[in-house]
Amino acid sequence: MALRGNLRDFSITQLLNLINLAHKSGTLVIEGTSEVAQITFREGKLAYAQIGSEENDLAAILQRSRKITPNQARVIRERTRKMSDKEVGLLLINAGYLTQKDILESVQNYCVDVVRRLFTWVEGSFNFNPDQLTPDGKIPVRIDLENLIIEGSRQLREWEQLQEEIPSLDMALKFTERPGTNIRNLNLSLEEWRVVRYVNPKNTIRQIAHATKMNDLEIRRVVYALLQAGLVELVRPGGVPLGGMVRPFQTTNKQEQVSLLNRLINKIRSI
Amino acid sequence: MQTVKIVVTGPFNAGKTEFIQSVSEIDVVSTERKITSAAEKVKESTTVALDFGRITVDDDLVLYLFGTPGQKRFDFMWEILSEGMLGFVVMVDSTRPETFREARTILETFRAYAPTPYVVAANKQDCKDAWDIEDMRLALRLDPKVKLLSCVAKDKENVKKVLLELLYSILEEMGEGNS
């Protein structure tokens with residue numbers, strides 16, 4: 001049976017577990033909401049990973065792992081324009097610039113990092129192609145999936161917890177009334193500041209996520225942190241409470257409302 | 001005939017049904033079902049739609065008390081129940097700190113639905129393992145201005161006190177006092 005489906009029904013962690021247990025070889029193509037990832041496996045082990053349009057030639061990977069400087073990466077690219085990653089790797093080893101270990105570790109870290117980023121993908125479809133192996137010229141790795149699966153399970157639990165805390169992204173946020181707190185004195189992360197900029201009862205959390213280019217998990221994580229810090233509270237978008245549709249009192253006369261409340265108070269006292 | 005309503009909410013097994021039963025003049029119209037989930041089987045049945053109690057004030061005014069279902073999967077009812085409420089009571093089981101975070105979430109959700117006055121009732125304060133009120137205030141991250149009231153839901157006087165405090169809060173918010 002074709003291994004294809006939806007991430008809502010079958011999570012990344014479940015997919016990795018299945019590939020690991022079945023010792024599968026092939027490429028898992030995951031189409032997320034904005035990007036496509038390709039993860040290649042060989043006999044149930046991670047062999048290669050790449051995300052959409054991200055620069056992933058060997059020079060970029062080595063630069064990301066700080067084995068070379070951005071300037072060195074540029075020079076390598078200029079001089080090895082038509083060479084594959086394998087050829088570039090051999091060239092760098094033979095020239096004595098880097099060791100085989102340096103290169104393999106960098107590629108391994110890059111592939112693991114790509115898979116880790118996938119754990120935040122909760123929307124999208126997947127398709128496993130058993131005939132597609134590591135892309136030509138790329139340096140394959142061999143990484144056990146067990147640790148990644150455990151890490152993914154932890155993130156899944158976090159996701160479920162965050163979904164309980166923030167059940168809907170169609171709610172808006174407003175700052176809590178804490179006159180003594182100066183937001184500028186708070187120690188917020190870059191992500192939290194990006195979200196704080198958009199905190200306004202007119203903006204839904206979903207709109208803030210879109211504006212800050214965060215996925216569901218990332219925006220929930222930040223909003224949860226802000227809620228826990230007591231900095232913001234959840235409100236209806238536009239500041240219009242649902243209860244506003246139906247008025248608590250039939251009368252709009254304030255004196256009559258007060259009189260009604262006093263009657264309620266007297267009654268409850270006498271029960 | 002005018003009708004007004006107060007909503008009694010809180011996590012599963014916080015004592016909402018018992019709270020309404022203590023003061024309702026009618027037998028509480030309860031939509032309870034046997035519990036199937038092992039994790040939630042600390043009592044035999046639970047509210048799945050709403051509890052409904054009534055206090056007739058006079059010929060012209062009736063107060064309805066609505067209890068929300070405590071289990072998360074019935075939370076679609078909350079939005080409907082919150083419409084047009086005077087205010088709400090958040091019941092918290094003082095002996096089960098594992099439910100405090102959920103109580104906080106429910107409180108925030110109801111505040112988002114309708115920013116009406118509310119009080120928090122720390123129920124089961126007669127149990128020996130009940131948390132101290134001020135510790136609960138910290139755990140629930142309640143502002144010092146929010147009324148957190150000691151409560152025993154099966155005791156009518158306790159329930160009356162909670163409802164009265166809520167009504168006083170509503171009056172205060174309207175800018176009027178009541179002697």
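A: In this predicted model, the side chains of B:Glu165 and B:Lys147 meet in a salt bridge, with 3.0 Å from N to O. This pair links distant parts of the chain, since B:Glu165 belongs to helix H5 (residues 156-173) of chain B, while B:Lys147 sits in the loop between helix H4 (133-139) and strand S7 (148-150) of chain B, 18 residues apart. B:Glu165 is partly exposed, with a relative accessible area of 22%, whereas B:Lys147 has a relative accessible area of 19% and is buried, because buried means under 20%.

Salt bridges can also share partners, and in this way A:Glu55, A:Asp57 and A:Arg77 are joined into one network.

A contrasting case is B:Lys5, which is found in strand S1 (residues 2-9) of chain B. This lysine is buried yet has no salt bridge, and the nearest side chain of opposite charge, that of B:Glu83, is 6.6 Å away. The backbone of B:Glu83 is another matter, for its oxygen lies 2.8 Å from a polar atom of the side chain of B:Lys5. Leaving aside residues up to four places away in sequence, B:Lys5 touches several others, among them B:Leu63, B:Tyr64, B:Phe66, B:Ile80 and B:Met85.

Now to the place where the chains meet. The side chains of B:Asp60 and A:Arg263 form a salt bridge of 3.7 Å, N to O. B:Asp60 lies in the loop between strand S3 (45-58) and strand S4 (61-67) of chain B and A:Arg263 lies in helix H10 of chain A, so the pair joins two chains. Both partners are partly exposed, B:Asp60 with a relative accessible area of 35% and A:Arg263 with 25%.

In total, 32 residues of chain A are in contact with 40 residues of chain B, and the area buried between the two chains is about 3,600 Å², of which carbon and sulfur atoms give 60%. The rule finds 3 salt bridges across this interface, and B:Arg101 with A:Glu165 meet in a salt bridge of 2.7 Å, N to O. On the side of chain A that touches chain B, the elements giving two or more residues are helix H6 (146-165), helix H9 (216-228), strand S7 (232-235) and helix H10 (254-270) of chain A. The largest share, 13 residues, comes from H10(A). The residues on this side of chain A divide into 17 nonpolar, 7 polar and 8 charged.

Technical notes: Residues numbered from 1 in each chain as written. Chains lettered and ligands numbered in written order. Predicted model: local features only at pLDDT ≥ 70, side-chain atom pairs only at ≥ 80, totals over all residues. Heavy atoms only, no water. Contact = heavy atoms within 4.5 Å. Buried area = accessible area lost by both parts, 1.4 Å probe. Salt bridge = Lys/Arg side-chain N within 4 Å of Asp/Glu carboxyl O. Helix = DSSP H or I, 4+ residues; strand = E, 2+ residues; numbered from the N terminus. Nonpolar A, V, L, I, M, F, W, Y, C, P; charged D, E, K, R; others polar. Buried < 20%, exposed > 50% of the residue type's maximum accessible area, 1.4 Å probe, protein only. Lys, Arg positive; Asp, Glu negative; His and termini not counted. Polar contact = N/O pair within 3.5 Å; in protein donor to acceptor, adjacent residues only side chain to side chain.
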